[in-house]
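Welcome! Here is a short briefing for anyone meeting this structure for the first time. Take a look at the sequence and the model, then read on.

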Amino acid sequence: MRIYEASINIKAIFKRELSGYFGSPVAYVFIVIFLLLLGFFTFYISHFFEMGQADLRNFFSWHPWVFLLLIPALAMRLWAEERRLGTIELVLTLPLTVTEAILGKFLAAWIFIGLSLCFTFPIVLTVMYLGDPDIGAILCAYMGSFLMAGAFLSVGIMTSSLTRSQVISFILAVVICLFFVLAGFAPVTEVLSGWAPLWLINMISKMSFLFHFNAIERGVFDLRDLIYFLSVIFFMLFVNGVVIQNRRTA
């Protein structure tokens, strides 16, 4: 019975948040900018057509960097706006738990990002027209991108709960996400290799979104990569819950 009630509460928050995206210009602006940035980087910076290869490696390699900019911008309003408008008190007095409120908000934003990824599917059709790509590897890369987007989003919703300022939330999320990206960035590991022991370099690299996303992008869907992204999401949402619960009991 309690599980059924929880699912109803999560669904209510989910619908409220998702309709809020499409009831304002936020959704359309995000999708347009997302597609324009990925298209620009893929076709003009990576010279997609000039390379003459029927794969999407260069397309997916830009996802972490586009997510680094756009997902914190999407997530910064999730709790910060509630606090600024004073509606967070109303949400917290509803007959639902903090966990249900967080999951509803998170899932709505995550599904919205997934829908945005779906709009990039024409590039898959383009590659299929030009050659004979590995569809399994492409689907793995999309799944990895979706999981990585969830990890970025979990950081953003956590920082949004810390402050009523969306700008501060955005900056905090970008800084934290930048650490998770740069930890596995090749130039950074090369610098570390000059003085740090190998075990430390490996440990830092394995904390990186890039390390796990690149493994999935190659078409190898390892359970460890799935566990990593889900662990990051769970931890960030747990911290989010602690912050909101402290505010609720204050």
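**A first look**

The side chains of Glu 17 and Arg 16 are joined by a polar contact of 2.8 Å. Glu 17 sits in helix α1, and the model it belongs to is a predicted one. The protein chain holds 15 helices and zero strands, and 44% of its 250 residues are buried. Of the contacts in the protein chain between residues at least 6 apart in sequence, 78% link residues at least 24 apart.

- Setting aside neighbours within four places in sequence, Glu 17 is in contact with Arg 77, Leu 78, Glu 82, Lys 105 and Ala 108.
- Ser 7 is another residue of helix α1, which covers residues 2-22.
- Ser 7 counts as partly exposed, at 38% relative accessibility.
- Ser 7 and Gly 104 are 97 residues apart in sequence, yet their C-alpha atoms are 9.3 Å apart in space.

**Helix α8**

- Helix α8 takes in residues 98-118, and its 21 residues should span 30 Å at 1.5 Å a residue; the C-alpha atoms at its ends are 30 Å apart, so the two agree.
- The rest of the structure largely encloses α8, because 15 of its 21 residues are buried.
- Leu 107 belongs to helix α8 and is partly exposed, with a relative accessible area of 32%.
- Not counting residues up to four places away in sequence, Leu 107 touches Ile 10 and Phe 14.

**Helix α10**

- Helix α10 runs over residues 135-160, which is 26 residues.
- From first C-alpha to last, α10 reaches 37 Å, close to the 38 Å expected at 1.5 Å a residue.
- Most of α10 is covered, with 21 of its 26 residues buried.
- What caps the N-terminal end of α10? Asp 134 does, with a side-chain oxygen 3.1 Å from the backbone nitrogen of Gly 136.
- Thr 159 is part of helix α10, and at 1% relative accessibility it counts as buried.
- A polar atom of the Thr 159 side chain lies 3.0 Å from the backbone oxygen of Gly 156.
- Neighbours within four places in sequence aside, Thr 159 is in contact with Ser 169, Leu 172, Ala 173 and Ile 176.

**How the helices pack**

- As background, a pair of packed helices is described by the distance between their axes and the angle between them.
- The axes of helix α9 (residues 121-130) and α10 come within 12 Å and cross at roughly 165°. That angle makes α9 roughly antiparallel to α10.
- The crossing of α9 past α10 is right-handed.
- On the α9 side, Phe 121, Ile 123, Val 124 and Met 128 meet Ile 135, Ile 138 and Tyr 142 in α10.
- Helix α5 (residues 63-75) and helix α11 (residues 166-182) have axes that come within 9 Å and cross at roughly 155°. This makes α5 roughly antiparallel to α11.
- α5 passes α11 in a right-handed crossing. From α5, the contact is made by Trp 65, Leu 68, Leu 69, Pro 72 and Ala 73. From α11, Phe 170, Ala 173, Val 174, Cys 177, Leu 178, Val 181 and Leu 182 take part.
- α5 also packs with α10: their axes come within 9 Å and cross at roughly 35°. The crossing of α5 and α10 is right-handed too.
- In that contact, α5 supplies His 63, Pro 64, Phe 67, Leu 68, Ile 71 and Ala 75. The residues from α10 are Ser 145, Met 148, Ala 149, Phe 152, Leu 153, Gly 156, Ile 157 and Ser 160.

- Leu 68 of α5 takes part in the contact with α11 and in the contact with α10.

Key. Residues are numbered from 1 along each chain as its sequence is written. This is a predicted model: local features need pLDDT of at least 70, side-chain atom pairs count only at pLDDT 80 or more; totals for chains, interfaces and linings use all residues. Side-chain values use heavy atoms; hydrogens and water are left out. Helices (H or I, at least four residues) and strands (E, at least two) are DSSP runs, numbered from the N terminus. The expected span of a helix is 1.5 Å times one less than its number of residues. Buried means under 20% relative accessible area, exposed over 50%, partly exposed in between (1.4 Å probe, protein chains only). A polar contact is a pair of N or O atoms within 3.5 Å; within protein, one must be able to donate a hydrogen and the other to accept it, and residues adjacent in sequence count only if both atoms are side-chain atoms. Axes are lines fitted to C-alpha atoms, for helices over the stretch in contact, and angles run from 0 to 180 degrees between N-to-C directions. Angles under 35 degrees count as roughly parallel, over 145 as roughly antiparallel, 65 to 115 as roughly perpendicular and the rest as oblique. A crossing is left-handed if the near helix is turned anticlockwise from the far one by less than a right angle, and right-handed if clockwise. Contact means heavy atoms within 4.5 Å.
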